[in-house]
Amino acid sequence: ECLNNHDLTDRLRSKLLFALAKLYEQKGDPDIAFEHYHQGNKLKNITFDEPAYVSMFDSLITTYTADIFAKHHHEFDSSEKPIFIIGMPRSGTSLAEQILASHPDVYGAGELPIVNRMIDQLPIVLNTSIPYPECLKDLDNHTLGQLASEYLEESQQKSNNEEFITDKMPSNFMHLGFISLMFPNARIIHCTRDPLDTCLSCYFQNFTGEHPY
């Protein structure tokens, strides 16, 4: 009855549908639960531009060749401090970080937006109108070293000078090439889970941010 209240925004109605779906799931009625999850997702009214995503990944594959890594081979920052935890949402990245952060030498920094911001600002930093990743042809080792130093400085602001810092921003999987240029010795942990479990878990999760896929 509450869902039929015309004063409710789609956002609030969606939130109620997700909550109701969870209750039906706990009650052991998966069919009704799934229908509520379905309606809750539909109300978000988000479109996914698949061709744009395919084009972006094609550009990344074309750009990050062996040649670009050979060109930017450097020794000015051989830091092993960052640990990048990647994987789909709901694939166990939070658990992996909790396990690592239980060690006294590891600081769990959560989802850091630093790499995403660097990628967004890279054309400006390189003073070019060419978008990422094509603009990497104008990247020099000096700028790369500055970016690596900036990442380290910002990521450890809240730490207690632990030997390692984890960054579990999920979207970093798209930027592993750039991360490898900055930190060739950084450890990368890829969390995987059964694809069907992952997809359903995402579909049943009312994320705060948008995941258009």
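Colleague: How many helices and strands does the secondary structure of the chain come to?

Modeller: The model, which is predicted, has nine helices and four strands. Along the sequence they follow the pattern α-α-α-α-β-α-β-α-α-β-α-β-α.

Colleague: Roughly what box do the C-alpha atoms fill, and how many of the residues count as buried?

Modeller: Taken along the principal axes, the box is roughly 65 × 45 × 30 Å. The chain has 213 residues, and 38% of them count as buried. Its accessible surface comes to about 13,000 Å², and carbon and sulfur atoms account for 53% of that area.

Colleague: What share of the contacts in the chain between residues at least 6 apart in sequence joins residues at least 24 apart?

Modeller: That share is 78%. Individual residues illustrate the idea, and we shall come to them below.

Colleague: How should I read the packing of two helices, for instance α1 and α2?

Modeller: One begins with the angle between the axes; an angle over 145 degrees counts as roughly antiparallel. Helix α1 covers residues 10-27, and helix α2 covers residues 30-42. They pack at about 165 degrees, with their axes 8 Å apart, and α1 is therefore roughly antiparallel to α2. The crossing of α1 past α2 is left-handed.

Colleague: Which residues in α1 and α2 meet?

Modeller: On the α1 side they include Leu 17, Phe 18 and Ala 21, and on the α2 side they include Ile 32, Ala 33 and Tyr 37. Sorted by class, the contact of α1 with α2 has eight nonpolar, five polar and two charged residues.

Colleague: At what angle do α6 and α7 pack, and how far apart are their axes?

Modeller: Helix α6 (residues 114-125) and helix α7 (residues 141-155) pack at about 150 degrees, with their axes 12 Å apart. This pair, too, is therefore roughly antiparallel. Here α6 passes α7 in a right-handed crossing. Among the residues making the contact are Val 115, Met 118 and Leu 122 of α6, together with Leu 147 and Tyr 151 of α7. By class, the contact of α6 with α7 has seven nonpolar, two polar and three charged residues.

Colleague: How does one decide whether a residue such as Ser 59 is buried or exposed?

Modeller: One consults its relative accessible area: under 20% is buried, over 50% is exposed, and the range in between is partly exposed. Ser 59 lies in helix α3 (residues 50-63). Its relative accessibility is 18%, so Ser 59 counts as buried. Apart from neighbours within four places in sequence, Ser 59 is in contact with Pro 133 and Glu 134.

Colleague: Is Gln 26 buried or exposed?

Modeller: Gln 26, in helix α1, is exposed, because its relative accessible area is 60%. For a partly exposed case, consider Glu 163, whose relative accessible area is 49%. Glu 163 is in the loop between α7 and β3 (164-167).

Colleague: What does Glu 163 touch, if residues up to four places away in sequence are not counted?

Modeller: Glu 163 touches Lys 81 and Asp 105.

Colleague: Where is Gly 110 found, and with which residues is Gly 110 in contact?

Modeller: Gly 110 occupies the loop between β2 (106-108) and α6. At 15% relative accessibility, Gly 110 counts as buried. Leaving aside neighbours within four places in sequence, its contacts are Glu 97, Thr 166, Asp 167, Lys 168 and Met 169.

Colleague: What should I look for in the backbone itself?

Modeller: Most residues other than glycine have a negative phi, and most peptide bonds are trans. Against that background, a cis peptide bond joins Tyr 132 and Pro 133, with omega about 5 degrees. Pro 133 is in the loop between α6 and α7.

Colleague: Where are Asn 45 and Asn 127 found?

Modeller: Asn 45 is in the loop between α2 and α3, and Asn 127 is in the loop between α6 and α7. Asn 45 has a positive phi of about 50 degrees although it is not a glycine. For Asn 127, phi is also positive, near 55 degrees. Asn 45 counts as exposed at 68% relative accessibility, and Asn 127 counts as exposed at 71%.

Note on methods. Residues numbered from 1 in each chain as written. Predicted model: local features only at pLDDT ≥ 70, side-chain atom pairs only at ≥ 80, totals over all residues. Heavy atoms only, no water. Axes fitted to C-alpha atoms, helices over the stretch in contact; angles between N-to-C directions. Parallel < 35°, antiparallel > 145°, perpendicular 65-115°, else oblique. Left-handed = near helix turned anticlockwise from the far one by under 90°. Contact = heavy atoms within 4.5 Å. Nonpolar A, V, L, I, M, F, W, Y, C, P; charged D, E, K, R; others polar. Buried < 20%, exposed > 50% of the residue type's maximum accessible area, 1.4 Å probe, protein only. Areas by Shrake-Rupley, 256 points an atom, 1.4 Å probe, with all protein chains shown as cover.
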